[in-house]
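Opening the notebook on this one. I want to go through a few local spots and then the packing.

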Amino acid sequence: MQISSSSSSAKLTNLHMMRSSSDHQHQWRHNYNLKQLFVPSSCPNLSVSNSPLNQSVAAIVFGGGPDPELYPLNKTRSKGAIPIAANYRLIDAVISNCINSDITKIYAITQFNSTSLNSHLSRAYSGFGIGKDRFVEVIAAYQSLEDQGWFQGTADAIRRCLWVFEEFPVTEFLVLPGYHLYKMDYKTLIEDHRRSRADITIVGLSSATDHDSGFGFMEVDSTNHVTRFTIKPEKGQQDIVSMENRTTTTNEGTSSCVPSTGIYVIGREQMVKLLRECLVKAKDLASEIIPGAISEGMKVKAHMFDGYWEDVKSVGAYYRANMDSIKSNRFYDRQCPLYTMPRCLPPSSMSEAVITDSIIGDGCILDRCVIRGSVVGMRTRIADEVIVEDSIIVGSDIYEMEEDVRRKMREKKIDIRIGIGEKSQIRRAIVDKNARIGKNVMIINRDNVEEGNREAEGYVIRDGIIVILRNAVIPDNSIL
């Protein structure tokens, strides 16, 4: 097997080092015991607050709603449950930020296509709760005698769940979208919020360029005070969102237009007042609660974040985030690791495979194939003479045993097994879970189509990227 200096072998080694970088992490993986991970110096540059975050802050994580631009990746799963970087789900990045920041009270509010996300959270972090003060608790959408319908938005969901959140005497709520990819020191954020004595602190992007935020834009003065909050900049302000030219001067002084990440720190008392007294009919945090808080005279501050941050809100963004994970080392931080569900999978088997600049997940079976610049998810089977380039193979939920495959073929229940058949070529594509790719298949977007819908044939094209649907069957000799 030939592997380049920047090959998947090295990255796999780093991945396993990250997961087992200490005896405590090894113990967590096998015994579901995270108690000993919470060491004050576990992450660099995290100062200790006078009020410990594991007692005073509760995180509220949203699993994500329907987003047409992500279809078909979210056809059967919520945004937070979408696989990323071979072994993880998007929500793992957010939960890991909480764990590494010593925030141990984590509520996940789910509603849209929530089955796989609820299952992942409950299985991945079930052993996290050693006591009642340390937990990841899933709050699925529910009906009550007072509220017979579904959650109508982020603000409505929090309002209806306040009775749960009020169980613990926390001083702040940290509100987090569960489908963004980034690494953030929440301790620094909370300390900035407390130091400024703000009612609400909003995380803004200080280094974003050409960023169309679905979470709104802030007008921020020279003291980081948010003077105005809108979902879309006014006409003529679109250009000032970029870092190079986003500062304007008015009669009231200098202000900047900053995109919001949708991450908020809100004081407990302020949250209750806004939802139960001032804005009792508001349904959404970004479009109603934040502007309403400014109108009510609350002190709203901005906390600037200049690190890597990706809002995975489209197929193109998802593809870009996976490709970025190959090129960077952000997933391989020993001090602030990325956690996920422990799995009992064998090491990946590679038989004369040539793999360069790629990430390979656990339990893959790779024959004499060529893989370049790609992410290959768990339990993927790739046959001889296959070429995979600049692609994402999400993987499989099961292994098909040889005897089962032969039996099903004899019974004519299947013609093609899960995985990628001999002599197939895949270039700049996303192959979702449990797909069956036949022999001599060409998935190359030969006509350079930007958008196309061929769901009946098992695939769509989004942003010029072919997406093979989950459980799709692509017959032998197909050319896409």
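Predicted model: local features only at pLDDT ≥ 70, side-chain atom pairs only at ≥ 80, totals over all residues.

Next I looked at α4 itself. Buried or exposed, I wondered, for the residues of α4? The helix is mostly covered, with 11 of its 11 residues buried.

Then I checked serine 101. I found serine 101 in the loop between α4 (90-100) and β5 (105-110). Its relative accessible area is 1%, so serine 101 is buried, the cut-off being under 20%. What does its side chain reach? A polar atom of that side chain lies 2.9 Å from the backbone oxygen of asparagine 97. Beyond neighbours within four places in sequence, I noted contacts of serine 101 with Leu53, Met184, Asp185, Tyr186 and Lys187.

Rings came next. My search of the whole structure gave 5 aromatic pairs. For tyrosine 107 and phenylalanine 135, the ring centres are 5.1 Å apart and the planes are at 65°, so I logged the pair as edge-to-face. The pair links distant parts of the chain, as tyrosine 107 is in strand β5 and phenylalanine 135 in strand β6 (residues 135-140), 28 residues apart. Both count as buried: tyrosine 107 at 1% relative accessibility, phenylalanine 135 at 10%. Ring pairs also join Tyr107 and Phe135 with Phe165, Phe168 and Phe173 in a cluster.

I also looked for charges over rings. The charged end of lysine 79 sits over the ring of tyrosine 179, 3.9 Å from its centre. Arginine 428 lies over the face of tyrosine 319, with 5.2 Å to the ring centre.

Last, the nonpolar cores. Which residues touch the most other members of the largest core? I got Tyr318, Ile430 and Ile468, out of 58 residues. Among the elements that each supply at least two residues are α4, α10 (315-327), β27 (429-431) and β32 (465-468). α10 gives the most, with 6 residues.

I followed up on isoleucine 468. Not counting residues up to four places away in sequence, isoleucine 468 touches Ile430, Val431, Asp432, Ala435, Ile437, Ile443, Gly458, Tyr459, Ile474 and Leu480. There is also a second, separate core of 42 residues, and I jotted down Val170, Met218, Ile266 and Val300 as being among them.

How values were computed. Residues numbered from 1 in each chain as written. Heavy atoms only, no water. Helix = DSSP H or I, 4+ residues; strand = E, 2+ residues; numbered from the N terminus. Buried < 20%, exposed > 50% of the residue type's maximum accessible area, 1.4 Å probe, protein only. Polar contact = N/O pair within 3.5 Å; in protein donor to acceptor, adjacent residues only side chain to side chain. Contact = heavy atoms within 4.5 Å. Phe/Tyr/Trp six-rings, centres within 6.5 Å; stacked < 30°, edge-to-face > 60°. Lys NZ or Arg CZ within 6 Å of the ring centre and 35° of its normal. Core = buried A, V, L, I, M, F, W, Y, C linked by side-chain atoms within 4.5 Å.
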